[in-house]
Amino acid sequence: MVRGRKAILAMGAELRELAERCGQTGEADQLAYFLSTPHALKKLPCLVLMTDAQGESNDGNAKLEAAVLLFEYKSVFGLGLRVFSSSDGSGRRNVLAPAETRAQVAGMACRVLLERGAQAIHLAFDEGYGDEREACRCEEGIASRELRGGHAQRELAEALAGTGGKRKIRWAVFEHEMPLYLRLEKTYAATLARIGARTRSNLRYYRRRSELALGCHFVAEARVSLEELVAFNRVCAYSVLEEEVQRRFQTLGRGFFLCGIRDGKGDWLALLGGRKQNGFVEIDWQMNRADLPQLSLSTVMRAYLMEYEVGLGSRRLYFEGSTTHPIVQSFTKGRVTELTVKRDTLYVRSLERFARVLFPPKNYLAQMLRKSDLVWRTVR
């Protein structure tokens, strides 16, 4: 186990190489960014590493075969609370391992944490993500595979077996489909054809309307100072704290891109920041002026970005944390497995009882602890 932001970042090169071997190229490229989000800074990052005792890397050490990233909740005094949760709801970055072993790896990681005193753990992973055969099935409109004939449950049960001790340990698996990304075709017209008729019409209509009303145009490589970004944030809908604006600015130029749309006078209407890797485009945040709701600047920005990225040959468009925009209805879907493990202790029962108070409304662990229809199994 590796604990702490600094120690995990020191393993960046090894984790990037592991992700590439596992068909998850790029998923470990921006660790510094994801370990410095406001939510991540409130927790203690924890990396569970698994090696092949028979194989050796170039430096003579055991070869890294899998890695699982979780975050431990901290008290106001900075002490670990023995409660762990993954941060990526899509399951893409939490478990770095070959697709066929991710369930086993997830179970083994939970076992390691339980043996070190963990009280409750939530871990999301996608068995099929990164598997090119699976990606082809999804992009052809076929839903991601079900759990492999019950194999995943058996792998989880075997990995957790024997960890109960005097106190019972229970675990539950919840599977659901979620929109992952928008597939970008070879032409912009072909990409729009995959989108629902009403959303497709809105993308065209609001872009044309903004161009006629304001002289709107797209800037592929936006340049702004920190002062300009802070000032623009103040006039935007859903503005964020200045600390978050500073964090966004500091990431620019380190694997991140910034684009935007301006009016005919050169004033910014919207700015969008994200990352690019392996032909995939990831949108991390978008800022839109609040005084022009009738122009739907969010829709306009996405219309320009899609056309631009299609022209560059990009293949997928992701939205970090998903999106409420209607375009999500046209996303390729994947099946995410959510594994929750808990001890039968007064501590955990208190967490369950007061989950609504102790955790934010959208917290994954709290949702699983409160979920009434989960089938809980006892570790043998």
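This report describes salt bridges, a helix, a cavity and a surface patch in one predicted model.

Residues are numbered from 1 along each chain as its sequence is written, and side-chain values rest on heavy atoms, with hydrogens and water left out. Because the model is predicted, local features need pLDDT of at least 70 and side-chain atom pairs count only at pLDDT 80 or more, while totals for chains, interfaces and linings use all residues.

**Salt bridges**

A search of the whole structure finds 22 salt bridges, a salt bridge being a side-chain nitrogen of Lys or Arg within 4 Å of a carboxyl oxygen of Asp or Glu. Three of these pairs are listed here.

| Pair | Closest N to O |
|---|---|
| Arg92 and Glu282 | 2.5 Å |

Arginine 275 is buried at 3% relative accessible area, and aspartate 284 is buried at 14%, where buried means under 20% relative accessible area, exposed over 50% and partly exposed in between (1.4 Å probe, protein chains only). Salt bridges with shared partners join Glu27, Asp88, Arg92, Arg93, Arg275, Glu282, Asp284 and Glu320 into one network. Arginine 92 and glutamate 282 are both buried.

**Helix α5**

Helices (H or I, at least four residues) and strands (E, at least two) are DSSP runs, numbered from the N terminus. Helix α5, residues 102-115, has 14 residues and reaches 20 Å from its first C-alpha to its last, close to the 20 Å expected at 1.5 Å a residue, the expected span being 1.5 Å times one less than the number of residues. Its buried residues include Arg102, Val105, Cys110 and Leu114, and α5 is followed by glycine 117, whose phi is positive, near 100 degrees.

**The largest cavity**

A cavity is a set of points, on a 1 Å grid over the protein atoms alone, where a 1.4 Å probe fits but cannot get out, and lining residues have an atom within 4 Å of a point. The largest cavity is lined by 16 residues, of which Glu27, Leu31, Leu69, Arg93 and Leu96 lie nearest its centre. Strand β3 gives the most to this lining, with four residues.

**Around valine 76**

Valine 76 lies in the loop between β3 (62-74) and β4 (80-85) and is exposed, with a relative accessible area of 81%.

Terms used
On a 1 Å grid over the protein atoms alone, a cavity is a set of points where a 1.4 Å probe fits but cannot get out, and a pocket is an open set with protein on both sides within 12 Å along at least five of seven lines; lining residues have an atom within 4 Å of a point.
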